Amino acid sequence: SRSHKTRWTVAIGVPASLIDYGAWRSIAAYGTGLALSIVLGALAAVAIGRGITRPMERLRDAARRLGRREPLAPPVTPIQEIRQVALALETAADERARGEAEREALLEREKEARAAAEAANRAKDEFLALLGHELRNPLGAIMNAARLLEHPGIGGEDAARARGIIARQAEHLARLT
């Protein structure tokens with residue numbers, strides 16, 4: 001400070017190390033706080049990250065179980081999006097189970113229908129074989145009687161008997177049909 005009367009200047013001297021010590025102390029406190037904030041922020045980020053990645057891993061495992069047709073174990077998490085995906089996986093598992101049950105029922109009905117068709121086909125074949133046998137006898141008699149009638153040396157009594165055979169066998173064919 002300067003005196004107005006004497007024009008003298010008075011100054012107080014303080015060692016520079018004392019001033020530097022306060023500055024360095026402030027810088028150290030600020031730096032420590034900054035480093036501590038960074039460490040706490042990193043720890044918080046890791047904790048929050050684990051809170052997200054663990055349910056995501058459980059969600060991934062649930063999707064793999066769905067692919068292997070195993071029971072699902074959806075993650076329990078406060079994260080709404082993960083809960084929604086887990087619910088979608090559970091719905092997909094239910095739909096898949098219903099689809100598989102429906103497919104199995106359809107396959108069973110197809111097997112039953114195939115067995116019924118094969119049985120009907122066998123019955124048809126047996127019926128046609130029987131029908132062929134039953135038709136062969138009357139047709140053979142009719143054809144023999146018709147050839148007999150075409151013979152030039154046939155007498156009246158033999159012709160009448162041949163016509164009777166043809167009539168009887170035709171009636172028999174009519175009953176069969």
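User: Why is Gly51 called partly exposed?

Analyst: Its relative accessible area is 37%. Buried means under 20%, exposed means over 50%, and partly exposed is in between (1.4 Å probe, protein chains only). Gly51 has 37%, so it's partly exposed. One heads-up: this is a predicted model, where local features need pLDDT of at least 70, side-chain atom pairs count only at pLDDT 80 or more, and totals for chains, interfaces and linings use all residues. Also, residues are numbered from 1 along each chain as its sequence is written, and side-chain values use heavy atoms, with hydrogens and water left out.

User: Where is Gly51 placed?

Analyst: Gly51 sits in helix α1. Helices here are DSSP runs of H or I with at least four residues, strands are runs of E with at least two, and both are numbered from the N terminus.

User: What makes Arg69 count as exposed?

Analyst: Its relative accessibility is 56%, so Arg69 counts as exposed. You'll find Arg69 in the loop between α1 and α2. Its phi is near 60°, a positive value in a residue other than glycine.

User: And why is Arg7 exposed?

Analyst: Arg7 has a relative accessible area of 58%, so it gets the exposed label. Arg7 lies in the segment before α1, and its phi is positive too, about 65°, although it is not a glycine.

User: How many helices and strands does the protein have?

Analyst: Three helices and zero strands. Read along the sequence, that gives the pattern α-α-α.

User: Why is the protein said to be more spread out than a compact globule?

Analyst: Its radius of gyration is 54 Å, well over the 16 Å that the globule rule gives for 177 residues, so it is more spread out than a compact globule. The radius is taken over C-alpha atoms, and the rule is 2.2 Å times the number of residues to the power 0.38. Along its principal axes, the C-alpha trace spans about 185 × 30 × 20 Å. Buried residues make up 9% of the 177 residues.

User: What makes a group of residues a nonpolar core?

Analyst: The members must be buried Ala, Val, Leu, Ile, Met, Phe, Trp, Tyr or Cys residues, joined through side-chain atoms within 4.5 Å. In this protein the largest such core has seven residues: Leu59, Ala62, Leu66, Ile82, Ala86, Leu89 and Ala93. The elements giving two or more residues to this core are α1 (16–67) and α2, and α2 gives the most, with four.

User: Which residues does Ala86 touch?

Analyst: Leu59, Pro74 and Pro75, leaving out residues up to four places away in sequence. A contact means heavy atoms within 4.5 Å.

User: How much of the contacts with a separation of 6 or more comes from residues 24 or more positions apart?

Analyst: Such residues account for 44% of those contacts in the protein.
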